[in-house]
Amino acid sequence: MEKIEPQEHLEGNLEEGTTNTSLEEFDDQRSKLLNRRLDIRIIPLCCWLYLLNFLDRGNIGNARVLNSETGDDLMQKTGIGATGYAVTVSIFSIAYTLFEVPSNWIMKHYVRPSVWLATLLGCWGALTLGFAGVRNYESVVVLRLFIGIFEAGFFPGIVYVITIWYRHNERSVRIALVIAFCNLAGAFGGSLAYGIGHINGAGGLEGFRWLFIIEGAITMLSVLPTLLILPDYPSRAKFLSADEKSFAVDRLKERGGGYNREHATRKEILETCFSPRMLAHYCAYIANVVCQGSFTFFTPTIVNGLGYESIQAQLLTVPPWVVGFVVAIVLSYSADRFNARGAHVTAVSVIGGVGWLTAGLLPPSSYVARYCCLCLAAVGAFPAAPSMTNWVTCNTPSLRTIGTAIAIHNSAAGIGQIISQWIWKSSEEDKGYPTGNFVCASCNFFVAIVALSLRLWYGRMNRKGVKDAQGNGRVWSY
C-alpha cells in the first residue's frame, strides 16, 4: 500500500461574515455545475457499493429462515441455535465497533480512498463467497468475525470521501442517498432471497448457499470499477482541469471539509471523543442503530412471526424498506435545506417510536395491524441516520478531527447492533416479540429527546459565540 504524499492543507475556517459577495456569486455559479459532475462520478458508485456492503451484512438474516420448512435453512444445516445466532451477529458487531477508527486513520494517512475501499470490498466479498461452504457453527462465527473487520471501515470511509468533496450544507442529502440504498438493499435482499428460495437444492446446494454465492460474486465484480472510477482528492482528480481543481479545493474552506493530513492536538482529540455534546451524538446514534439493527438482522424473523411462511416472509420484508428509502431522501434534503437536522430527527424518531410501541401493545394475532406498524417503525430507523451523521461532521470540535468523529460515531453502530441482536427472543414469537418492540420504541423516543436537546444546545452556543477547540469562530449547525 502506498503512503500518501503530503498535500496542501485543504481545510480552513472562515468566520461568519467574512465571505464576500463575489465568493457567494462564485459559489452559486460554479458549485452546482461541479456538484453535478461529482454526483455522476462519486454518488452512484458509493450508493452501489454501500448497497453491497449492507446486502452482505444482512444476508445472514435472510439465510436464517430461508427454506426453514424443509430443514434447509442456515440454522438447521449448521446446528446453530437462537443463542448461537445472537452470538454470531454480536461478534460481527464487536469487530465492526473496534475497527472503524483504525480504518479511517489508515485511509487518511496512508492509503488512497479508492485503493482502501476496493481492498475492503474484495476481502469481505471473498469471505461472503466462503459462506457457501459453511458446515458448522465454528466456521460461521469465524467468517462473520472477519466480515465485520473488513466491513467496519467502509461506511465511515464513504462518509469521509463525501466530506473531502462536498461542502457542509451539501453532504446530508448525499449521505442520505448512500444510506438510503441500505433500504434498497433490504428490499432487494428480500426479493433475491424470495427468488433463490425457489431453487433450493439446485446443484445439490441449499438455497442459503446460493444466496451467499450470488451476493459474494457481485461484490467481487465491483472491486475493479471502484479502483478505476472513485476519485481520491480534488487536487489530483484527473477528470478536472487545473482551474476546476483549484475551485474544488477553495470552496471547501468554509466551515470545514476537504482533505487534511494535519494531526489534531490532544485537546482536539479529547473534545471530539469525550465532550458532553459529542457523547450525546454518539449515544443517540447507538439508540437509533438498535432500531436499524432490528430491521437489518430480524425483519424476516419479525415478518415470519406475523404468521407468514419463510419464503413469503422474504417478500414481505420489502415494503418497510421502501418506506424507509423514500422518507430518508425527503427528510435529508429538507434537513439540509432548512438547516434543521435536530427538528427532523426528532419528528421521525417520534413517529418510529409510536410504530414500535403500538406493535408491542397490539394482540399477537393482529397480523395486518402489526405489519402496518412495522412500516411506520421504518420511518424512525434509517431515515434519521443521514442527518445524524452529517450533523456530527458539521459540528466536530475541530475541523482536523472530522474523520475521527465520523469513525467514532459509526462505531456506535456496533454497540447498537449488539443490543438489537439480543432483544428479539425466539421464545416470544407467540407473544409478538414484546421485548424487541418496547426496546425499539424506547430507543426511538430517546433519540427524539437527545436530538431536540442538541438543537437547543447549538442555538445557545451560537448565541454565546462559542469557539471550537482550535480557538476559531464557528457557526454551529442545527
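A residue is called buried when its relative accessible area is under 20%, exposed when over 50%, and partly exposed in between (1.4 Å probe, protein chains only). The model is predicted, so local features need pLDDT of at least 70, side-chain atom pairs count only at pLDDT 80 or more, and totals for chains, interfaces and linings use all residues. Residues are numbered from 1 along each chain as its sequence is written, and side-chain values use heavy atoms, with hydrogens and water left out.

**Exercise 1.** Determine how helix H2 is placed and where H2 bends.

*Solution.*
1. Helices are DSSP runs of H or I with at least four residues, numbered from the N terminus.
2. Of the 23 residues of H2, 21 are buried, so the rest of the structure largely encloses this helix.
3. At Gly 58, H2 bends by about 40 degrees; the bend is the angle between axes fitted to the seven residues ending there and the seven starting there.
4. Asn 67, which follows H2, has a positive phi near 60 degrees.

**Exercise 2.** Describe the lining of the second largest cavity.

*Solution.*
1. A cavity is a set of points, on a 1 Å grid over the protein atoms alone, where a 1.4 Å probe fits but cannot get out; lining residues have an atom within 4 Å of a point.
2. The lining has 16 residues, and Tyr 50, Arg 57, Tyr 285, Gln 292 and Asn 410 are the closest to the centre.
3. Helices H2 (43–65), H14 (276–304) and H20 (402–420) each give two or more residues.
4. H14 supplies the largest share, five residues.

Terms used: On a 1 Å grid over the protein atoms alone, a cavity is a set of points where a 1.4 Å probe fits but cannot get out, and a pocket is an open set with protein on both sides within 12 Å along at least five of seven lines; lining residues have an atom within 4 Å of a point.
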